[in-house]
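Visitor: I am new to this structure and would like a close look at a single part of it. Could you take me slowly through one residue and then through what lies around it?

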Amino acid sequence: MPFSKRARIWEPAALALRRHLRLSTHQILDPYQLAESVDLRLVDLKSICDLLPGAVARQILVHGKDAWSGGVYAQTLPDGTRICILNSGHNARRMKTTLMEEIAHIHLQHSPTGLVRSVDGLCMRSYDKAQEEEAFGVGAAALIPWNALFPAINKGATIEELAERYELSDELVRYRIQITGAYKLHMARQRVGH
């Protein structure tokens, strides 16, 4: 199990998600396949924006494109599935991470966020920091589980090598190393290897 308490708590939920696809800890998890097994339906962003007024679509696709990564519609559809929209303006590895986080929210049965009106009358999405951290942590652990991460770190694998091997961003691998409490080990192995 990971060295840090928080990451140890997340690991079982992450492994449960991997079991949906019957994956070993060393196999690459494809969140797009996992989405189907947790009744999540992906909807193309462009097709949604085609239905919106031009100014709204431009806000989503152009002006505000860096302000959001993805989301799941809070209501379940009549067939039991949920709709998920990913920001297709982001690169494939970021979209993979975002989708995994959204799957983790569903798996963990988190309460959906809602819109809240601020004092100045603006509507904003509510934010539950604990839920967001848990979903991101569980999603990251599902993408690169401890039983694969630890031996690789211990053998001196670099962040870049792990990112390529698991088709993830360097940032996600770095996060996973740090959140598990393995950063000192990683740095020690990197010094030995050079």
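Guide: Leaving out residues up to four places away in sequence, L40 touches A35, V72, R82, I83, C84, L99, I103 and I106. The model in which these contacts are found is a predicted one. L40 itself is found in strand β1, which covers residues 40–43. With a relative accessible area of 5%, L40 is buried, because a residue counts as buried when that value is under 20%. Along the chain, L40 and G80 are 40 residues apart, yet their C-alpha atoms are separated by 9.0 Å.

As a general remark, nonpolar side chains in soluble globular proteins tend to be buried together.

Two of the helices in that list, α5 and α6, also pack against each other. The axes of α5 (residues 92–107) and α6 come within 8 Å and cross at roughly 115°, and α5 passes α6 in a right-handed crossing. On the α5 side, K96, T97, M100, E101, A104 and H105 take part, and they meet Q131, E132, A135, F136, V138, G139, A142 and L143 in α6. Sorted by class, the residues of this contact divide into seven nonpolar, four polar and three charged.

Helix α1 (residues 5–19) and helix α6 (residues 129–143) pack with their axes 8 Å apart and at an angle of about 60°. That angle makes α1 oblique to α6, and the crossing of the two is right-handed. In this contact, R6, W10, E11, A13, A14, L17 and R18 of α1 meet E133, E134, G137, V138, A141, A142 and L143 of α6. By class, there are eight nonpolar, one polar and five charged residues in the contact of α1 with α6.

H186, which lies in helix α10 (residues 183–193), is buried, with a relative accessible area of 4%. Apart from its neighbours within four places in sequence, H186 is in contact with I153, A157, T158, I159 and I177.

Two loop residues complete the view. Most residues other than glycine have a negative phi. Q109, although it is not a glycine, has a positive phi of about 55°; Q109 lies in the loop between α5 and β4 (115–117) and is exposed, with a relative accessible area of 70%. E167, which is not a glycine either, likewise has a positive phi of about 55°. The place of E167 is the loop between α8 and α9, and at 40% relative accessibility E167 counts as partly exposed.

Terms used: Residues are numbered from 1 along each chain as its sequence is written. This is a predicted model: local features need pLDDT of at least 70, side-chain atom pairs count only at pLDDT 80 or more; totals for chains, interfaces and linings use all residues. Side-chain values use heavy atoms; hydrogens and water are left out. Axes are lines fitted to C-alpha atoms, for helices over the stretch in contact, and angles run from 0 to 180 degrees between N-to-C directions. Helices (H or I, at least four residues) and strands (E, at least two) are DSSP runs, numbered from the N terminus. Angles under 35 degrees count as roughly parallel, over 145 as roughly antiparallel, 65 to 115 as roughly perpendicular and the rest as oblique. A crossing is left-handed if the near helix is turned anticlockwise from the far one by less than a right angle, and right-handed if clockwise. Contact means heavy atoms within 4.5 Å. Ala, Val, Leu, Ile, Met, Phe, Trp, Tyr, Cys and Pro count as nonpolar, Asp, Glu, Lys and Arg as charged, and the others, Gly among them, as polar. Buried means under 20% relative accessible area, exposed over 50%, partly exposed in between (1.4 Å probe, protein chains only).
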